[in-house]
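Here is a short report on one structure.

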Amino acid sequence: MNNLRPALGIFGGTFDPVHYGHTQSVIVAAQQAGVQSVAMLPCHIPVHKNHTPSASQHRLAMLKLAIEQYPQLYIDEREIHSDTPSYTIHTLRALRKEYPKHPLCFFIGMDSLHSLLSWNEWQALFDYCHFVVCCRPGTKTPLSEELKALLAERQVTTNNALHNALHGKIFLADTPELDISSSEIRRHIINNLPTDDMLDPKVRRYIQTHKLYQPSTTF
Ligand code: ATP
């Protein structure tokens with residue numbers, strides 16, 4: 001027995017728009033990781049993107065619609081209401097102060113694992129959280145030597161390890177490969193192509209009502 005509290009999940013993203021690759025992946029991964037509750041954390045100004053995201057209020061509204069039927073998901077609005085770029089390390093420091101005894105599990109897609117070593121203060125992230133990695137198609141490129149070494153040091157194959165330590169582990173979840181991305185959805189909308197298999201119908205209706213991702217929009 002340890003004296004740790006239940007693990008908390010965090011899933012950061014631009015969610016422009018939120019899609020099934022986000023919600024379905026995180027739900028399955030959370031189940032495999034044994035994490036009961038996951039905070040969806042929309043960023044305000046993403047650090048890793050080269051497009052200007054849609055207004056915060058739209059991304060937030062779509063996220064609310066997409067998760068309302070999933071009691072295990074909720075929204076943490078701290079980054080989206082901040083005026084500074086969203087650095088995960090800053091948010092994790094704040095969360096750790098609020099939750100000193102809860103293991104923190106940060107959920108990412110496989111593409112984000114591949115780019116993790118370019119994140120601000122990436123080594124320090126492991127002093128605050130575990131990473132739970134969802135499968136994502138198109139990221140079958142071989143792991144770099146540095147990433148292989150990181151996995152050799154930190155990967156765990158059972159979820160117990162995520163609950164017996166506050167931070168520091170990597171758990172590769174076996175989630176369905178969903179070939180969906182927000183940028184592809186934005187392209188489909190601009191070209192009048194269907195997005196049925198990619199998006200919650202409520203999110204699709206919201207996009208239509210508010211005329212998001214129209215040709216004048218840069219992405
Ligand atoms: P864009 O196409 O604009 O780059 P995106 O679809 O990658 O956006 P983000 O909001 O940037 O969506 O992603 C947030 C997190 O969700 C990242 O960790 C990313 O790896 C993960 N993610 C996004 N799409 C998928 C997917 N289809 N399967 C698994 N993980 C995903």
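## A buried alanine

In which helix is Ala-161 found? Ala-161 sits in α7, residues 160-163. Helices here are DSSP runs of H or I with at least four residues, strands are runs of E with at least two, and both are numbered from the N terminus. This is a predicted model, where local features need pLDDT of at least 70, side-chain atom pairs count only at pLDDT 80 or more, and totals for chains, interfaces and linings use all residues. Residues are numbered from 1 along each chain as its sequence is written, and side-chain values use heavy atoms, with hydrogens and water left out.

Is Ala-161 buried or exposed? Ala-161 is buried, at a relative accessible area of 19%. Buried means under 20% relative accessible area, exposed means over 50%, and partly exposed lies in between (1.4 Å probe, protein chains only). Leaving out residues up to four places away in sequence, Ala-161 touches His-130, Val-156 and Lys-169. Contact means heavy atoms within 4.5 Å. Phe-171 is 10 residues from Ala-161 in sequence, and their C-alpha atoms are 9.0 Å apart.

## The sheet and its helices

Seven strands form an open sheet with parallel pairing. Their order is β3-β2-β1-β4-β5-β7-β6. β3 (73-75) and β6 (155-156) stand at the edges with a single partner strand each, so one side of each has no neighbour in the sheet. Two strands pair if DSSP finds at least two bridges between them. β5 (residues 130-134) and β7 (residues 170-172) pair in the parallel sense over three bridges. In this pairing, Phe-131 stands opposite Ile-170 of β7.

Helix α3 (residues 88-98) packs on the sheet. It touches β1 (8-13), β2 and β4 (104-109), and its direction makes about 155° with that of β4. Helix α2 (residues 56-67) lies across β2 (38-42) and β3, at about 160° to β3. Axes are lines fitted to C-alpha atoms, for helices over the stretch in contact, and angles run from 0 to 180 degrees between N-to-C directions.

## Backbone exceptions

A cis peptide bond joins Asp-16 and Pro-17, with omega about 5°. Pro-17 lies in the loop between β1 and α1 (20-33).

Asn-192 is not a glycine, yet has a positive phi of about 60°. It lies in the loop between α8 and α9. Asn-192 is exposed, with a relative accessible area of 72%. Lys-211, also not a glycine, has a positive phi of about 50°. Lys-211 is in the segment after α9. It counts as exposed at 60% relative accessibility.

## Pocket and cavity

The second largest pocket holds about 210 Å³ of space. On a 1 Å grid over the protein atoms alone, a pocket is an open set of points with protein on both sides within 12 Å along at least five of seven lines, while a cavity is a set where a 1.4 Å probe fits but cannot get out; lining residues have an atom within 4 Å of a point. Grid points are joined across faces, edges and corners, and a volume is the space filled by probe spheres set on the points. The lining of this pocket includes Asn-192, Arg-204 and Pro-215. α9 gives the most to it, with three residues.

The search of the whole structure finds one cavity of 30 Å³ or more. The largest cavity has a volume of about 50 Å³. Among its lining residues are Val-18, Tyr-70 and Asp-200. The largest share of that lining, three residues, comes from α1.
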